[in-house]
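Biologist: I'd like to learn how to read a model like this one. Can you walk me through it?
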Amino acid sequence: MYDDRRGRGYDRGPQEMHDVTCADCGKETQVPFKPDGTRPVYCRECYQKHRPQRY
Ligand SMILES: [Zn+2]
């Protein structure tokens, strides 16, 4: 019997990337999640600028 949960969720295999256009600078980038269309998607650099500061 194998635990069917093993390896799921923590798998470091290739992630599915989605092509998006950054909502800030307009640069094409890729994100590891599927954009839901309701939130702006930013490239890595702009994400740093836009993420909430919690300090
Ligand atoms: Zn950007």
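Modeller: Start with burial: buried means under 20% relative accessible area, exposed over 50%, and partly exposed in between (1.4 Å probe, protein chains only). This is a predicted model, where local features need pLDDT of at least 70, side-chain atom pairs count only at pLDDT 80 or more, and totals for chains, interfaces and linings use all residues. Residues are numbered from 1 along each chain as its sequence is written, and side-chain values use heavy atoms, leaving out hydrogens and water.

Biologist: Which class does Cys25 fall into? And is Cys46 buried or exposed?

Modeller: Cys25 is partly exposed because its relative accessibility is 44%. Cys46 has a relative accessible area of 3%, so this one is buried.

Biologist: What are the protein donors of the zinc ion?

Modeller: Donors are N, O and S atoms within 2.8 Å of the metal (3.2 Å for Na, K and Ca); water is not among the atoms, so sites may look incomplete. Here the SG atoms of Cys22, Cys25, Cys43 and Cys46 sit 2.3 to 2.4 Å from the zinc ion. Their spacing along the chain reads C-x2-C-x17-C-x2-C.

Biologist: What arrangement do the four donor atoms make?

Modeller: Four donors count as tetrahedral if all angles lie between 85 and 135 degrees. The ideal for four tetrahedral donors is 109.5 degrees. Around this zinc ion the angles are 104 to 115°, so the arrangement is tetrahedral.

Biologist: And how do I read the strands?

Modeller: Strands (E, at least two residues) are DSSP runs, numbered from the N terminus, and two of them pair if DSSP finds at least two bridges between them. E1 (residues 18-21) pairs with E2 (residues 28-31) in the antiparallel sense over four bridges, and His18 stands opposite Val31.

Conventions. Tetrahedral: all angles 85-135°; square planar, octahedral: opposite > 155°, others 65-115°.
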